[in-house]
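Please look over the sequence and the structure shown below before reading on.

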Amino acid sequence: MNLRNQLFINGQWQDGDGSLEVINPSTGQVITKISTAGEKECDAALDAADKAFPAWAATAPRFRAEILRKAFELMSAEVDEIAKLISMENGKVFSDARGEAVYAAEFFRWFSEETVRTQGDFRKSPSGDKTIIVTHQPIGPSLLITPWNFPAAMATRKLAPALAAGCTAILKAASETPLTALYIVDLLDRAGVPKGVVNFVMPSKTGAMISKMLHDPRLRNISFTGSTEVGRILIKESADLVIRTSMELGGNAPFLVFDDSDVEQAVAAVMIAKMRNGGAACTSANRIYVQKAIATQFTDALAKAMGSLKMADGLSEGAQLGASVSIKERNKIAELVESAVNAGGKIEVGGAIPAGDGAFYPATVISVSKDNPILNHEIFGPVAPVVTFETEAEGISLANNTEYGLISYVFSGDMKKAIRVAEKLESGMVAINRGVISDPAAPFGGVKQSGLGREGGFAGIHEFLETKFIGVEL
Ligand code: NAP
């Protein structure tokens with residue numbers, strides 16, 4: 001396997017100020033060590049992105065589109081290899097990893113197509129005194145920071161629109177999962193991205209070094225995906241030089257199941273919404289609200305489906321639930337379940353750390369009351385708290401009772417009701433009668449404390465473009 005383990009700066013693979021172990025969470029074993037970046041390397045990456053920017057911004061859109069198309073083709077051809085790497089460093093099962101790699105490649109295809117479609121405007125002003133020209137220009141060197149839960153898709157969801165727009169990039173992956181990101185950087189190099197346009201750093205002191213970059217006028221844009229906690233820090237840090245920010249932050253998705261639903265189909269959708277990525281997704285259904293008339297039937301069926309999942313090393317035959325990314329993350333999940341039980345929650349299935357190595361936690365269903373503390377946390381694991389509700393108004397009010405607003409799910413046999421409810425849910429996205437809706441061609445993003453901006457869709461490229469108005473006397 002093509003395992004890159006160095007920094008990538010100005011088109012060169014190089015070492016930095018030290019190294020970092022990358023661990024396979026299914027076994028606890030070290031996969032490899034990667035180089036870390038000190039201040040010197042972070043500065044060099046920013047310098048490279050800054051110097052490469054004018055020439056890259058001036059390339060023809062079709063030129064950039066062809067490189068992105070090539071990246072899509074390479075990634076599609078190498079999807080199994082990438083999926084193995086994702087599974088190895090992240091712990092998720094191979095089928096989820098493969099699904100992620102395919103989804104991730106699609107961002108290259110979508111933004112290759114978008115590269116040649118940014119539209120401007122040319123019209124007379126209403127008073128007739130001038131001509132209005134509106135055009136778009138790349139913002140400039142952009143810092144892209146990604147989390148560990150989707151190491152491929154979160155990188156391509158940023159790299160593809162950045163390159164499409166004509167921005168240069170410095171990618172910083174999560175310290176738990178840098179290998180997939182490094183693979184993608186290598187793939188972009190092979191696809192023909194000129195030197196300095198894409199750089200990769202893994203700072204040895206994340207907070208301090210990213211802060212320094214955000215106080216350097218050469219940097220013009222930050223695109224971050226990760227926790228709301230870190231997002232808040234980065235928004236504050238970006239304020240000093242008024243750096244453009246795009247924030248894809250945490251979620252605490254509600255899943256409303258109305259009593260006119262087909263229970264079997266609703267359980268199947270919840271299984272996808274909850275268990276894709278072993279529950280480690282910002283879109284994961286964390287609060288399952290079920291209407292009273294079907295609550296018992298639904299909970300029993302969900303517990304049966306969750307209890308039947310085979311938990312094993314993500315790369316082993318038939319594995320349906322892999323490991324969490326680390327023992328630390330796994331223990332956080334266990335603590336949340338413990339506090340839910342202490343607050344009166346009833347375990348329907350799962351709920352105990354298994355013996356043996358690896359960061360495993362079993363698929364768990366827990367019946368809780370409306371005020372159980374687990375409902376206030378992003379669980380990021382295979383735990384489904386189920387709450388009973390009575391009326392439509394109560395369901396909506398419970399769903400909206402959170403500072404997050406990324407995605408909500410609605411399941412109902414009555415489409416008119418489902419759309420009515422969707423309109424009242426405070427989230428950037430709503431899934432109706434489906435467990436997953438993410439699509440490179442659709443705008444992904446949240447409201448409230450789930451973020452600022454949208455990735456993917458027609459909006460995605462605009463996270464990397466400035467709008468310029470030129471007024472002309474004609
Ligand atoms: P995280 O702890 O916020 O880390 C995300 C990234 O930020 C990592 O690369 C991390 O680097 C870096 N980071 C941490 N502290 C930083 C600081 N002070 N300054 C600059 N960078 C810093 O999140 P995570 O645990 O990796 O990922 C899980 C979170 O991501 C969840 O909250 C999830 O909901 C969210 N997420 C959101 C979306 C979305 O699209 N809305 C998608 C996926 C995930 P180090 O590894 O070096 O600490």
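Which helix gives the most to the shell around the ligand? Helix 7 does, with 3 residues. The model described here is predicted.

**The ligand and its surroundings**

The ligand sits in the largest pocket. Two or more residues of the shell around the ligand come from each of these elements: helix 5 (153–165), helix 7 (206–214), strand 10 (221–225) and helix 8 (228–239). There are 30 residues around the ligand, and those that come nearest are R157, S175, S227, L249 and E378.

| Residue | Polar atom of the residue | Distance to an oxygen atom of the ligand |
|---|---|---|
| W148 | side-chain atom | 2.9 Å |
| G226 | backbone atom | 3.4 Å |
| S227 | side-chain atom | 2.6 Å |

On its own, the ligand has 910 Å² of accessible area, and the protein covers 86% of that area.

An open sheet is built from 7 strands in the order 14-15-16-13-12-17-18, and its pairing is mixed. Its edges are held by strand 14 (346–349) and strand 18 (429–432); each has a single partner strand, so one side of each is left without a neighbour in the sheet. On average, neighbouring strands of this sheet are turned by 25° against each other, direction ignored.

Strand 13 (residues 285–291) pairs with strand 16 (residues 383–389) in the parallel sense, over 4 bridges. V290 has T388 in strand 16 as its bridge partner.

In a regular strand, the side chains alternate between the two faces of the sheet.

Another open sheet consists of 3 strands in the order 5-6-20, with antiparallel pairing. Strand 5 (121–124) and strand 20 (465–472) stand at the edges; because each has a single partner strand, one side of each is left without a neighbour in the sheet. Here neighbouring strands are turned by 20° against each other on average, direction ignored.

Strand 6 (residues 131–138) and strand 20 run antiparallel and are joined by 8 bridges. The bridge partner of H136 is T467, in strand 20.

**A hairpin**

Strand 3 (residues 18–24) and strand 4 (residues 29–36) also run antiparallel, with 7 bridges joining them. S19 has S35 in strand 4 as its bridge partner. These two strands form a hairpin with 4 residues between the strands. In this hairpin, G28 takes a positive phi near 80°.

How values were computed
Residues numbered from 1 in each chain as written. Predicted model: local features only at pLDDT ≥ 70, side-chain atom pairs only at ≥ 80, totals over all residues. Heavy atoms only, no water. Pairing = 2+ DSSP bridges. Axes fitted to C-alpha atoms, helices over the stretch in contact; angles between N-to-C directions. Near = heavy atom within 4 Å. Polar contact = N/O pair within 3.5 Å; in protein donor to acceptor, adjacent residues only side chain to side chain. Areas by Shrake-Rupley, 256 points an atom, 1.4 Å probe, with all protein chains shown as cover. 1 Å grid on protein atoms, 1.4 Å probe; cavity = no way out; pocket = protein on both sides within 12 Å on 5 of 7 lines; lining within 4 Å. Sits in = over half its atoms within 2 Å of the grid points.
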